[in-house]
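Below is a short briefing on one protein chain. Look at the sequence and the 3D structure first, then read the points.

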Amino acid sequence: MFQYADHVSGIPSLGDIHFTDGATDVVYFSQLDERYAEKPYRTDNTGGYACGPTSMAIVVSSLTSKTVDPVEMSKWAYENGCWCSKSGSYHTLIPSVAKAWGLPVEGCTASEPQRIVDALNEGKLVVALMTKATLPNPDTSSSCGAFRTVRSWWPPRPVTAAAGSCGPCPSFSAKPANGPARAARSGS
């Protein structure tokens, strides 16, 4: 991962990717895509700090008729008080974006794994707030954690539609995240 970087080299442009093999068609974005990685997330860059806006761009673009890319969502996040300098995004990004785009959202803790699996089995998207201990490789990922959009459950692991890690935790986020929140298809 390219966390804590003032310069992120990114990956080649992925083009337009849509996952159509699940209950919910998912529009995919990567914060490391060369189209976005060096773009600003206020004074930070998208590639190093915009996992939250990238995850929510996936949710909005997948569950509404509007396509919002990570740069547009990063701008929205800043303008609506969800950006945290050198730390990525406040966790309030999830309910704030859901409300702004008319998507129902409900919180869920990591101690309720069946609710998460059930939501995924119903075709809902889950935006998980990952702590360092739950990331695939905690030694090389963010010291704080990251937002991940999860699109399906394929035992023994969930299938993520977006991955990215953000910068160091702000001091007020030292305690564990409240857990994942899930955004349901509008109207369900």
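How are helix 2 and helix 4 oriented to each other, roughly parallel or roughly perpendicular? Helix 2 and helix 4 are roughly parallel to each other, where angles under 35 degrees count as roughly parallel, over 145 as roughly antiparallel, 65 to 115 as roughly perpendicular and the rest as oblique. This is a predicted model, in which local features need pLDDT of at least 70, side-chain atom pairs count only at pLDDT 80 or more, and totals for chains, interfaces and linings use all residues. Residues are numbered from 1 along each chain as its sequence is written, and side-chain values use heavy atoms, with hydrogens and water left out.

**The chain as a whole**

- The chain has 5 helices and 11 strands; helices (H or I, at least four residues) and strands (E, at least two) are DSSP runs, numbered from the N terminus.
- The chain has 188 residues, and 48% of them count as buried; buried means under 20% relative accessible area, exposed over 50%, and partly exposed in between (1.4 Å probe, protein chains only).
- Among contacts in the chain with a separation of 6 or more, 62% come from residues 24 or more positions apart; contact means heavy atoms within 4.5 Å.

**Helix 2 and helix 4**

- Two packed helices are described by the angle between their axes and the distance between the axes.
- The axes of helix 2 and helix 4 (residues 93–100) cross at roughly 30 degrees and come within 10 Å; axes are lines fitted to C-alpha atoms, for helices over the stretch in contact, and angles run from 0 to 180 degrees between N-to-C directions.
- Helix 2 and helix 4 make a right-handed crossing; a crossing is right-handed if the near helix is turned clockwise from the far one by less than a right angle, and left-handed if anticlockwise.
- On the helix 2 side, Gly-52, Pro-53, Met-56 and Val-60 meet Leu-93, Ile-94 and Val-97 of helix 4.
- This contact of helix 2 with helix 4 has 6 nonpolar residues, 1 polar and no charged; Ala, Val, Leu, Ile, Met, Phe, Trp, Tyr, Cys and Pro count as nonpolar, Asp, Glu, Lys and Arg as charged, and the others, Gly among them, as polar.

**Helix 3 and its two partners**

- Helix 2 (residues 51–63) and helix 3 (residues 70–79) have axes that cross at roughly 110 degrees and come within 8 Å.
- Helix 2 and helix 3 are therefore roughly perpendicular, and their crossing is right-handed.
- Pro-53, Thr-54, Met-56, Ala-57 and Val-60 of helix 2 make the contact with Pro-70, Met-73, Ser-74 and Ala-77 of helix 3.
- The residues of the contact of helix 2 with helix 3 are 7 nonpolar, 2 polar and no charged.
- Helix 3 and helix 4 have axes 11 Å apart and pack at an angle of about 105 degrees, which makes helix 3 roughly perpendicular to helix 4.
- Met-73, Trp-76 and Ala-77 of helix 3 meet Leu-93, Ser-96, Val-97 and Ala-100 of helix 4, a contact with 6 nonpolar residues, 1 polar and no charged.

**Loop residues**

- Lys-86 lies in the loop between strand 5 and strand 6, is partly exposed at 33% relative accessible area, and has a positive phi near 60 degrees although it is not glycine.
- Ser-87 lies in the loop between strand 5 (83–84) and strand 6 (88–89) and is buried, with a relative accessible area of 12%.
- Ser-87 and Tyr-49 are 38 residues apart in sequence, and their C-alpha atoms are 6.7 Å apart in space.
- Arg-42 lies in the loop between strand 3 (40–41) and strand 4 (44–45) and is partly exposed, with a relative accessible area of 46%.
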